[in-house]
Amino acid sequence: MTPEQISRYARHLVLKEIGGPGQAKLLAANIAIIGAGGLGGPAGLYLAAAGVGKITIIDDDAVDITNLQRQIQFVQTDIGALKTEAMGGALVDLNPDITVRREQMRLTDDNAADLLRGHDLILDGTDSFQTRFIVNDASLYLGIPLISGALGRFDGQISVFSGNGADGPCYRCLVPSIPPDAQTCAQVGVVGALAGIIGAQMALEAVKMITGAGAPLIGKLYLFDGLAATARTVTLPKDPACPACGAK
Ligand SMILES: [Zn+2]
């Protein structure tokens, strides 16, 4: 580590759960973020600040004024710019130590395995069940752990899936099929600060997974109620009949 890195990561280096070996793991890590939105943004900013050496941003959208209420990786002058470019620039501005790969495309069944292969972790903060199912399939196929966050109104949730369907539940053990009443944040609304809470928590779980600190949310679902300011963690069982990781 260079003298500048020792200064930059000083608050990690003094933590016994991270320290020099953990910081070296973060610097060597390669993390994919799907969706440069309300969750991907704060998660990406904290991962860049933490010194995650390689970050891939996958998104096909451009910055819109409605994003700025919660997507704090963007500023007013980014409106109209590609999200991958604007967020990629924000991450490198924050930490020139890291490399950002920008993938300006929508993740599909056809490109998911190629796009995600080689990463140590996948973060999914997208607003689409179709995309979440594709990401989950790729996570299982490639054996890459998946950190999944979701938001709506004043509520948020997060879980970590091991990437190995034999070891625990996958996303589709939780959501087997697309709910008939599925609604997006554009329809139901979301309070901006909630994206920061859950997005930062996705980054925290990523740091834990990479460094081995603590107990990740594998097989557990963390549920945050912003209106009541309460949270609870429930056990998430593996579903033997799961359409993605089940026996059939
Ligand atoms: Zn499953």
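## Zinc site, pocket and cavity

The zinc ion has four protein donors at 2.3 Å: Cys 170 (SG), Cys 173 (SG), Cys 242 (SG) and Cys 245 (SG). Donors are N, O and S atoms within 2.8 Å of the metal (3.2 Å for Na, K and Ca); water is not among the atoms, so sites may look incomplete. The model is predicted: local features need pLDDT of at least 70, side-chain atom pairs count only at pLDDT 80 or more, and totals for chains, interfaces and linings use all residues. Residues are numbered from 1 along each chain as its sequence is written, and side-chain values use heavy atoms, with hydrogens and water left out.

The zinc arrangement is tetrahedral because the four donor atoms subtend angles of 96 to 127 degrees; the rule for four donors is that all angles lie between 85 and 135 degrees. The donor spacing in sequence is C-x2-C-x68-C-x2-C. Distant parts of the chain are linked here: Cys 170 sits in the loop between β6 and α8 (171-174), and Cys 245, 75 residues apart from it, in the segment after β8 (230-235). Helices (H or I, at least four residues) and strands (E, at least two) are DSSP runs, numbered from the N terminus.

On a 1 Å grid over the protein atoms alone, a cavity is a set of points where a 1.4 Å probe fits but cannot get out; a pocket is an open set with protein on both sides within 12 Å along at least five of seven lines; lining residues have an atom within 4 Å of a point. Volume is the space filled by probe spheres set on the points, which are joined across faces, edges and corners. One cavity of 30 Å³ or more is counted.

| Space | Volume | Lining by class |
|---|---|---|
| Largest pocket | about 1200 Å³ | 19 nonpolar, 18 polar, eleven charged |
| Largest cavity | about 50 Å³ | six nonpolar, four polar, one charged |

Ala, Val, Leu, Ile, Met, Phe, Trp, Tyr, Cys and Pro count as nonpolar, Asp, Glu, Lys and Arg as charged, and the others, Gly among them, as polar.

The largest pocket is lined by 48 residues. Nearest its centre lie Thr 126, Asp 127, Ser 128, Arg 132 and Cys 185. Among the elements supplying at least two lining residues each are β2 (54-59), α7 (129-142) and α9 (185-188).

Arg 132 also lines the largest cavity, as do Tyr 171 and Leu 221, among others. β6 gives the largest share of that lining, four residues.

Conventions
Four donors count as tetrahedral if all angles lie between 85 and 135 degrees; four count as square planar and six as octahedral if opposite donors are over 155 degrees apart and all others between 65 and 115; anything else is irregular.
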